[in-house]
Amino acid sequence: MRPACQIIALLVCPFILMGQTVFAEIPDFPPAEDLSLAVPEVAPVMDQVPLTPGVIYSAMGQSCETTLAVAPGGDAGTMRLDLQSPCRRGQQVDLTWSGLTASFLTSVTGALQVDLPVFEPENTLQAAFPDGTFHQVQLTEDAPIAFTGVGLTWRSSVATFLHVLENGADFGGVGHRHAIRPVGAAGGQIFTLGDPRIPDGWFSQVYLVAKAQGPLVSRTFTEIPITANNCGGTQDVTLHQFSVTGSWMSLPFEISVPPCEKTGQSVMLGSPLRDLVLTEE
């Protein structure tokens, strides 16, 4: 039989060595208060955090409240929207301002940052979610609007394209502004707004140019590709431009699309968007 000391290791137990009995004694340990046994500080878990009654929280402990904030954008004539909605991760959100609408997806943390062109000194931006919930923020521009431009808005997977020919340029020429070549030497710029991952979302294209950029003459065209999805039907498009009095206006149009044997071609409209003429100041 094995000695008990091999089983109960921390007791005073005898060992049999060379026919003699010896005893192993438990060493003297210092008192507990002399040991450095401090518990490390750790972040409190959710059930230890004081929660505000009536407030819904995300799995990460953040308030589900949606917040909107605006600041000057990275490009001249734009504002930057900062949306935070921790409980709406990866969700579609439709932004509407100055008659334009564009759909975006929030990030994996429920955030969205995007630069949007500004056409009016005072306006309200609305962010709407698919469940009908919406939030608003007031847009205020203290300085006079120093830019002019035109724009398009549509809703479908069939793209609509804005073309601008600056200072007599031809299609495909150096002064031809479009989505693939949005910036040119004349100073105008095209913004394409909307996330193509959203098949039935809202999209907008805007041409923006500083009023002080004159002299400049920009001819504007609207292109609607003829596809199997829209051939023989109609395409709803909202056109945006400044009136002769200088106010920003939005005009809805229903455009007839040629029959399906024209698939692969495009409808190119030179009106009703007016050409932009800037004189030298």
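Strand 3 and strand 4 (residues 78-84) pair in the antiparallel sense over six bridges. In this pairing, Ala71 stands opposite Arg80 of strand 4. The model described here is predicted. Strands of a sheet pair through backbone hydrogen bonds, and the sense may be parallel or antiparallel.

The protein chain as a whole has zero helices and 19 strands. Of its 281 residues, 38% count as buried. Among contacts with a separation of 6 or more, 59% are made by residues 24 or more positions apart. The chain exposes about 16,700 Å², and carbon and sulfur atoms supply 57% of that area.

The interior comes next. In soluble globular proteins, nonpolar side chains tend to be buried together. Here the largest nonpolar core has 29 residues, and those with the most contacts inside it are Val93, Leu95, Trp97, Phe104, Leu116 and Leu125. The elements that give two or more residues to this core are strand 4, strand 5, strand 6, strand 7, strand 8 (122-128), strand 9 (134-140), strand 13 (189-193) and strand 14 (202-210). A second, separate core has 22 residues, including Val164, Leu216, Leu239 and Leu278.

Leaving aside neighbours within four places in sequence, Trp97 is in contact with Met79, Ala102, Leu116, Pro117, Asn123, Thr124, Leu125, Leu139 and Leu193. Ser98 lies in the loop between strand 5 (92-97) and strand 6 (100-105). Most residues other than glycine have a negative phi. Ser98 has a positive phi of about 50° although it is not a glycine. Ser98 is also buried, because its relative accessible area of 8% is under 20%.

A positive phi is found again at Asn167, with a value of about 50°, although Asn167 is not a glycine. Asn167 lies in the loop between strand 11 and strand 12 (176-177). With a relative accessible area of 47%, Asn167 is partly exposed. Glu166 is in strand 11 (residues 161-166). Glu166 counts as buried, because its relative accessibility is 4%. Which residues does Glu166 contact, leaving aside its neighbours within four places in sequence? The contacts of Glu166 are Gly175, Arg177, Ala186, Gly188, Tyr207, Leu216, Val217 and Ser218.

Strand 16 (residues 234-242) has seven of its nine residues buried, so the rest of the structure largely encloses it. Strand 16 is joined by five bridges to strand 10 (residues 147-155), and the two run antiparallel. In that pairing, Trp154 has Val237 of strand 16 as its bridge partner. Strand 16 also pairs with strand 17 (residues 248-256) over nine bridges in the antiparallel sense, and here Thr238 stands opposite Pro252. The hairpin of strand 16 and strand 17 has five residues between the strands, and Gly246 takes a positive phi near 95° in this hairpin.

The structure also holds two disulfides. In one of them, Cys64 and Cys87 have their sulfur atoms 1.7 Å apart. The link of Cys64 and Cys87 is left-handed, with -50° about the S-S bond. This pair links distant parts of the chain, 23 residues apart: Cys64 is in the loop between strand 2 (20-24) and strand 3, and Cys87 is in the loop between strand 4 and strand 5. Cys64 is buried at a relative accessible area of 18%, whereas Cys87 is partly exposed at 32%.

The other disulfide joins Cys231 to Cys260, with an S to S distance of 1.9 Å. The link of Cys231 and Cys260 is right-handed, with 70° about the S-S bond. This pair, too, links distant parts of the chain: Cys231 is in the loop between strand 15 (216-225) and strand 16, and Cys260 is in the loop between strand 17 and strand 18 (266-269), 29 residues apart. Cys231 is buried, with a relative accessible area of 14%, and Cys260 is partly exposed at 43% relative accessibility. Counting bonded cysteines along the chain, the disulfides follow the pattern 1-2, 3-4.

Definitions and conventions. Residues numbered from 1 in each chain as written. Predicted model: local features only at pLDDT ≥ 70, side-chain atom pairs only at ≥ 80, totals over all residues. Heavy atoms only, no water. Helix = DSSP H or I, 4+ residues; strand = E, 2+ residues; numbered from the N terminus. Buried < 20%, exposed > 50% of the residue type's maximum accessible area, 1.4 Å probe, protein only. Contact = heavy atoms within 4.5 Å. Pairing = 2+ DSSP bridges. Areas by Shrake-Rupley, 256 points an atom, 1.4 Å probe, with all protein chains shown as cover. Core = buried A, V, L, I, M, F, W, Y, C linked by side-chain atoms within 4.5 Å. Disulfide = S-S within 2.5 Å.
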